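Morning, everyone. Please look at the structure on the screen while I talk.

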Amino acid sequence: MFWRPDDLRVFEYDAGFDRHPPIAVVVPGTAEEIGACVKAASRAGIAVVPRGAGTGLSGGTIACGGALVIATSRLRRILAIDAVGQTALVEPGVPNLQISAAAREAGLFFAPDPASQRVSTIGGNIGTNAGGPHALRYGSIVNHVLGIEMVLPDGEIAVFGGCTADLPGYDCVPFIVGSEGTLGIVTKAWVRLLPVPEDTRTFVALFHDVESGARAASEIIARGIVPAAMEMLDRTTIQAVNAAFDAHLPEEAGSLLLVEVEGLREETQAAASAIVAVCEARGAFGVRTAATPAERELLWKARKLGYPALARIRPNNYLHDAVVPRSKLPEVLAKVNAIADRYGYVIANMFHIGDGNLHPVLLFDGAVEPIERVMEASAEILKVAIDAGGTLSGEHGIGLEKNHFMFWVFGPEDLEAMQRARSAFDPNGMMNPGKIFPGGSICADIPTERIKRGLAEGMWV
Ligand SMILES: Cc1cc2nc3c(=O)[nH]c(=O)nc-3n(C[C@H](O)[C@H](O)[C@H](O)COP(=O)(O)OP(=O)(O)OC[C@H]3O[C@@H](n4cnc5c(N)ncnc54)[C@H](O)[C@@H]3O)c2cc1C
């Protein structure tokens, strides 16, 4: 257990803006030990916050209101890979990428691939219903979790679902996925594995502007082709990547579309030809295809280096996570960029264009620019997305960051119904209080220091 102020410092923040120290941190080694900690906390009337790797971007792990953090970093075992049933049984502290590494020998992989997958844990991925570039074809993590073992708020251990799909009765698994630690602490998960595709093709198409790239992306999907991933970088990001890492991307490009298709060889060949034809018809002035896995890695590198490269432009950034209907992308992007211009912020866009999950990044210098103004611009950006029929979060969750905007997308009756469903698990509201739902005074002790630094090389969103 950690309780000294210096030890608690590393647990007072995640990758989002907010920070606050917990009263203590425990790092149990088994589900039973987690249960015992939760029981003790419950008896003492102390709230509990589950924590995985702490890479969350919405403040879900911030222990406001004098809470105890229960970290899962000692539960890191892959308990079973079932090659025939194509499932894995894993503990919550296993980093996402390790599942695919362990399954590869059986010719299988774990499809959900948040960009943080080297470090972010399965428990955290389940907590946030994580997505990633390949969510376009495979869906987010909710589509890949079959069963969950969870410590309930009274410390008892319960199992929902299991290693087979479609069990009878109410299916609580999708309700738990994305609940941001407000229902209990996941201690095991049965996840679905998929066969490694026979063929993967990756290419980039360069456009003079964002609008042409966005229209090409929409048309690809409208033709019934579902790429495995479809990502976009705008000019600011391309220039930042060149400046920071000598990536030699064409500086005249206004946008870059990175597309990947997977499947049977005949299928990928046909899809790739159709996609290249759409891009060229929409004004792409260059299409580069990866001929080898190494070249594929190189193409992905431009995407992966985008986020850290932005630190060259301004030391601080605010990364958004709104989702908009694909058909509205060009118009929403134009409005988002206009908001940034009006406020005088540099804005960079690199995002999962295939599923409309925007990641506009406002770049600023926290030493001289007040964070309140950044938040004001950010609220306008969210509003534009919602007015276009979109929503608050595509993958990062609501947490503390966006709980006060929940009224924009849900009426009081919806929120009340969600609270009632939550209360069936946690009647006293002691599991990660203050998150997701607006209002309440639990997290009123969060200070206003909400500054985020640029991220190091190798981290991407
Ligand atoms: C550089 C970077 C790139 C990123 N890219 C992506 C991306 O592509 N897609 C994406 O979806 N996200 C992305 N994220 C956000 C983040 O990595 C994900 O939200 C991830 O799922 C969090 O996992 P974690 O282990 O760090 O969880 P934490 O941050 O520790 O926790 C996240 C939430 O889950 C809850 N939680 C954690 N463990 C458990 C458990 N065992 N039981 C119940 N609840 C639990 C916590 O209480 C909290 O509410 C990125 C973050 C960074 C910093």
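Start with two domains. The centres of domain 1 and domain 2, taken over C-alpha atoms, are 21 Å apart. Their contact involves 17 residues of domain 1 and 22 residues of domain 2. Contact here means C-beta atoms, placed from the backbone, within 7 Å.

What supplies the side of domain 1 that touches domain 2? Both α2 (31-44) and β2 (48-51) give at least two residues each. The largest share, seven residues, is from α2. By class, that side holds eight nonpolar, eight polar and one charged residues. Nonpolar covers Ala, Val, Leu, Ile, Met, Phe, Trp, Tyr, Cys and Pro; charged covers Asp, Glu, Lys and Arg; the others, Gly among them, are polar. Helices (H or I, at least four residues) and strands (E, at least two) are DSSP runs, numbered from the N terminus.

Two ground rules. This is a predicted model: local features need pLDDT of at least 70, side-chain atom pairs count only at pLDDT 80 or more, and totals for chains, interfaces and linings use all residues. Residues are numbered from 1 along each chain as its sequence is written.

The domain assignment, automatic or from a database, gives domain 1 as 5-73, domain 2 as 78-195 and domain 3 as 197-303.

Next, a helix pair. Helix α7 (residues 210-222) packs on helix α9 (residues 265-281) at about 145°, with axes 9 Å apart. Axes are lines fitted to C-alpha atoms, for helices over the stretch in contact; angles run from 0 to 180 degrees between N-to-C directions. From α7 come Ala216, Glu219 and Ile220; from α9 come Ile275, Val278 and Cys279. That makes five nonpolar, no polar and one charged.

Now the core. The largest nonpolar core has 124 residues. Such a core is a set of buried Ala, Val, Leu, Ile, Met, Phe, Trp, Tyr and Cys residues joined through C-beta atoms within 7 Å. Val48, Leu256, Leu257 and Leu362 have the most contacts inside it. Leaving out residues up to four places away in sequence, Leu256 touches Val204, Leu206, Met232, Leu233, Ile238, Leu249 and Ala302.

Most residues other than glycine have a negative phi. Glu180 has a positive phi of about 55°. Glu180 sits in the loop between α6 (173-176) and β9 (185-192). Buried or exposed? Glu180 counts as buried, because 25 C-beta neighbours lie inside 10 Å. The cut-offs are 20 or more other C-beta atoms within 10 Å for buried, 12 or fewer for exposed, and partly exposed in between, with C-beta atoms placed from the backbone.

Key. Contact = placed C-beta atoms within 7 Å.
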